[in-house]
Amino acid sequence: MIKILSIVLLILINSGCAVFSPDKGDYLQTDVTRTNSDISVQFMGVSNLSITDGDSTILLDGFFTRRSALFSYCKHGMNSDESAVGHYIEKTQIPHIDALLTSHAHFDHILDSSTVLKIFNTQDRLKHRVPTTVYGSEESISFIRNQWEENAIKSDTNLVTPLFEKLKNGNRYTVGNFQIQALETPHVRKNGAKMFGENLFTCFRGGNFKKETPNFSFLISTKSQNKFNNDTNQSLRQPKILVIPSANIRKGDLEGVNADVVFLGIGLLKPEDVQDYWDNTVKVVNAKLVIPIHWDNFYKPLTKRLTSGPNLLLHTDRVVAKLYKLAERKLGTDIAFMPIFEYVTLPRYEDQYGITKSTHQ
Ligand SMILES: [Zn+2]
């Protein structure tokens, strides 16, 4: 029975069923007319994001291996593809990562963590900088630490051991000019069919990562100064960024949180759950810009154009259409997709509570 189901599923996936991909005009661009912040973000598929103010850089997750769905994981096992990771990291042109934030201990988030750390934490590369601090749940840290130790034993480069810090819900962490708050939010629900699909695509090896594991979202802000806009008589602050890597939320999880830009994970989100998800994330935090992430099929390499998995199975087209509809209703909220391997500078936002020019003088 499993064999027949597998064959049907594989035929479905390879039969060219319709997939979602953003149109040209759907991508976020740095708008020359707006006031830019000091913060730039680069997207590299799934929930990989690098966020920098030009001085400090945060990398979120960092999964690049993306082996193909058919037999690749059977052939190579659930191992990081070190040469692919090296190639993509070079493409990002990131000089150093001060913090590696890991959302949860699943392979599409942490499989490559120790390879990424190995690239950035050599004596040659670090020079006067401190090694990367890895933030994550106990499960993520223990996986990454084990991989690191194996890597370090095998490696002949002058590796410098990274620092590890276990995340606690609500705690704040300082990374250079960035302030990061960890918010424990639930993982997206996976039904039997989706679990089966994932098992099949990973040659029944992804299951090593299947433990119930805490998942974290991140609220990221910066200490940098406000700017005053003479035209509008408004104080403009740096954007507050919220990253929600896994598409699930409980009512009240984000109570009291404010964010201008939300990187919204939509992987495995069901169309019928979009409204609730939106209400308890984008609406609650009063976001002005929503950037869907984790929408792409991570069984395809990053050298190919990003597309979702088959709409027939995942309904990404319907989920995205619903998001656009909700944004239309919420005046002042935009939706845009990130291009890959391109830094986009985020705008500043009006600060109602900021110091105005008159009180400043
Ligand atoms: Zn996961």
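The protein chain has 12 helices and 17 strands, where a helix is a DSSP run of H or I with at least four residues and a strand is a DSSP run of E with at least two, both numbered from the N terminus. What you see is a predicted model, in which local features need a pLDDT of at least 70 and side-chain atom pairs count only at pLDDT 80 or more, while totals for chains, interfaces and linings use all residues. Residues are numbered from 1 along each chain as its sequence is written.

On confidence, the mean pLDDT of the protein chain is 88, and 88% of its residues reach 70 or more; pLDDT is the predictor's confidence in each residue, from 0 to 100. Over residues 354-361 the pLDDT is below 50, and beyond near neighbours in sequence this stretch has 9 contacts in the model. By a contact I mean two residues whose C-beta atoms, placed from the backbone, lie within 7 Å. Of the contacts in the protein chain with a separation of 6 or more, 77% are between residues 24 or more positions apart.

Of the 361 residues, 43% count as buried, and the word has a cut-off: a residue is buried if 20 or more other C-beta atoms lie within 10 Å of its own, exposed if 12 or fewer, and partly exposed in between, with C-beta atoms placed from the backbone. Helix H5, residues 113-120, is mostly covered, since 7 of its 8 residues are buried, among them Ser113, Val116 and Phe120. For contrast, take Arg145 in helix H7, residues 138-154: Arg145 counts as partly exposed because it has 17 C-beta neighbours inside 10 Å.

Let me turn to the open sheet of 7 strands, which has the order S7-S8-S9-S12-S13-S14-S15 and mixed pairing; two strands pair if DSSP finds at least two bridges between them. Its edge strands are S7 (172-175) and S15 (334-335), each of which pairs on one side only. Within this sheet, strand S9 (residues 216-222) is joined to S12 by 3 bridges, and the two run antiparallel, with Ile220 having Ile241 in S12 as its bridge partner. Helix H9 packs on the sheet, touching S12, S13 and S14, and its direction makes about 170° with that of S13; axes here are lines fitted to C-alpha atoms, for helices over the stretch in contact, and angles run from 0 to 180 degrees between N-to-C directions.

How far apart are the end C-alpha atoms of helix H9? They are 16 Å apart, which agrees with the 16 Å that its 12 residues, 274-285, should span at 1.5 Å a residue, the expected span being 1.5 Å times one less than the number of residues. The buried residues in H9 are Val274, Tyr277, Trp278, Thr281, Val282 and Val285. They cover an arc of only 105° around the axis, which puts them on the same side of H9, the arc being that of the directions from the helix axis to the C-beta atoms. An α-helix has 3.6 residues a turn, so residues three or four places apart point the same way. The buried residues of H9 pack against strands S12 (241-244), S13 (261-265) and S14 (289-293), and also against helix H11 (316-329). Just after H9, Asn286 takes a positive phi of about 60°.

There is also an open sheet of 3 strands, with the order S10-S11-S17 and antiparallel pairing. Its edge strands are S10 (227-229) and S17 (349-350), each pairing on one side only, and in S17 the bridge partner of Leu236 is Glu350.

Finally, consider strand S1, residues 36-43, where Gln42 lies. S1 pairs with strand S16 (residues 344-347) in the antiparallel sense over 3 bridges, Asn36 standing opposite Pro347. With strand S2 (residues 49-52), S1 runs antiparallel and is joined by 4 bridges, and Val41 stands opposite Ile51. The hairpin of S1 and S2 has 5 residues between the strands, and there Gly45 takes a positive phi near 80°.

Is Gln42 buried or exposed? Gln42 counts as buried because it has 22 C-beta neighbours inside 10 Å. Leaving aside neighbours within four places in sequence, the contacts of Gln42 include Leu49, Thr92 and Phe341. The C-alpha atoms of Gln42 and Val344 are separated by 6.4 Å, although these residues are 302 residues apart along the chain.
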